[in-house]
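Thanks for coming. I have one structure to go through today, so let me put it on the screen.

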Amino acid sequence: MSQKPIAGLHHVTAIARDAQINLDFYVGVLGLRLVKKTVNFDDPGTYHFYYGDEVGRPGSILTFFPWKTAGRGRAGTGQTSATAFCLPPGQLGFWEERLKSHQVEAERERRMGEDLLSFRDPEGLPLELVASPVAGAFEPWADSRVGSEQAIRGFHSVTLCERDYDLTAKLLVETMGFSQEGSEGNRFRFGAAGESASIVDVVVDPAAPRAMGGRGSVHHIAWRVPDQGEQDSWRRKLAEQGYNVTPILDRNYFHSIYFREAGGVLFELATDGPGFTADESVEDLGHNLKLPSWLEERRPRIEEALPPVRPPGGQA
């Protein structure tokens, strides 16, 4: 069976330290919806927050592990060095003023023919807002404090910082089905097969130090596969190419496999379904702590270990 090319980003997962600050920024300032409040299945004493569009469609989801003891990460190679969201054209001015009103410093840039704002979240995670024609079916959260005309429309791209170019490019193009779309200095752009959330930039910086994980850094990026059958086929193909691929893991809202690309960035292939309405209605998304069935019997101990959080600004 031949694999379909990767359609684009499924989600990006990053590390924070303060759960409440994280909630308030991504819901109250950026206007994303908290579509799932759960725990890190491998470390259930830690929350796992998922933010996205109205229903948490693949390609809109930024997730966080807010580890209370997380030290600060170090930027460098082998890391996702920036996560970019799409904005409707003409909305950069609105966001420039909105970020400023929340004491967030942002810088205007022009890159690869597109205008963007670059800034950092309260714990130092590099983020970008790119004014770009929006393709795809992302639906802004109806109850967001940000109006629907200005709202974030899923991901635009991720940027990988690499010491070398060849092996990462070979994986993206020859294995995963990306196309080369251009370059600017030491930045090389690749596009996935989908219409949205489909861009990855590779920045080559041999002089940069090796990255170190911690708060303010991306833990891994996930790419979309339609279902488990396709995922299993991908797993076999990647293993045949010498990648150390995990078994298929049940993440309740999708199934996942993980491997590191040659430069060191942790990749995940995640299925589109079953999605975030698997255990609560669209109306109730993000309101209650949800646990997978195998952790339910430990709920009292888990809830006791988690820090209390109040509903974030913009999400009652």
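By class, the lining of the largest cavity comes out as five nonpolar, four polar and three charged residues. The space inside that cavity is about 80 Å³. Keep in mind throughout that this is a predicted model.

Who lines the largest cavity? The list is Gly31, Leu32, Arg33, Gly52, Asp53, Ser60, Pro140, Trp141, Ala151, Ile152, Arg153 and Gly154. The search over the whole structure gave three cavities of 30 Å³ or more.

The second largest cavity has a volume of about 50 Å³. Its lining is made up of four nonpolar, three polar and five charged residues. Among the charged ones are Arg111, Glu114, Glu128, Arg189 and Asp201. Ala84, His156 and Thr159 also belong to this lining. Which strands supply at least two residues each to it? Those are β7, β8 and β9. β9 gives the most, with three residues.

Let me stay with Thr159 for a moment. Thr159 sits in strand β9, which covers residues 155–162. Is Thr159 buried or exposed? Its relative accessibility is 3%, so Thr159 counts as buried. Setting aside neighbours within four places in sequence, Thr159 is in contact with Gln79, Thr80, Ser81, Ala82, Arg187, Asp201 and Val203. One of those contacts, Asp201, also lines the second largest cavity.

For contrast, take Gly147. Gly147 is in the loop between β8, residues 126–131, and β9. With a relative accessible area of 32%, Gly147 is partly exposed.

The largest pocket has a volume of about 480 Å³. Its lining has 30 residues, and those nearest the centre are Ala75, Ser81, Ala82, Arg120 and Pro126. The elements giving two or more residues to this lining are β5 (79–87), β6 (107–111), β7 (114–120), β8, β9 and β13 (217–225). β5 gives the most, with four residues. By class, the lining divides into ten nonpolar, ten polar and ten charged residues. Ser81 and Ala82, close to the pocket centre in that list, are also contacts of Thr159.

β13 takes us to the sheet. Eight strands make an open sheet with mixed pairing, in the order β2-β3-β4-β1-β13-β16-β15-β14. At the edges stand β2 (33–40) and β14 (249–250), each with a single partner strand, so one side of each has no neighbour in the sheet. As a reminder, strands of a sheet pair through backbone hydrogen bonds, either parallel or antiparallel.

Both kinds of pairing turn up around β13. On one side, strand β1, residues 9–16, pairs with β13 in the antiparallel sense over six bridges. Val12 has Ile221 in β13 as its bridge partner. β13 and β16 run parallel and are joined by five bridges. Along that pairing, Ala222 stands opposite Glu268, and Val225 has Thr271 as its bridge partner. β13 is mostly covered, with seven of its nine residues buried.

On to β16 and its other partner. Strand β15, residues 255–260, and strand β16, residues 266–271, pair antiparallel over five bridges. Ile257 stands opposite Leu269, and the bridge partner of Phe259 is Phe267.

How many residues of β16 are buried? Six of its six are. Both faces are covered: Leu266, Glu268 and Ala270 are buried on one side, and Phe267, Leu269 and Thr271 on the other. Note that Glu268, a buried residue of β16, is the one opposite Ala222.

Helix α4, residues 228–240, lies across β13, β15 and β16, and runs at about 20 degrees to β15.

That is what I have. I am happy to go back to any part of it on the screen.

Key:
Residues are numbered from 1 along each chain as its sequence is written. This is a predicted model: local features need pLDDT of at least 70, side-chain atom pairs count only at pLDDT 80 or more; totals for chains, interfaces and linings use all residues. Side-chain values use heavy atoms; hydrogens and water are left out. Buried means under 20% relative accessible area, exposed over 50%, partly exposed in between (1.4 Å probe, protein chains only). Contact means heavy atoms within 4.5 Å. On a 1 Å grid over the protein atoms alone, a cavity is a set of points where a 1.4 Å probe fits but cannot get out, and a pocket is an open set with protein on both sides within 12 Å along at least five of seven lines; lining residues have an atom within 4 Å of a point. Grid points are joined across faces, edges and corners, and a volume is the space filled by probe spheres set on the points. Two strands pair if DSSP finds at least two bridges between them. Axes are lines fitted to C-alpha atoms, for helices over the stretch in contact, and angles run from 0 to 180 degrees between N-to-C directions.
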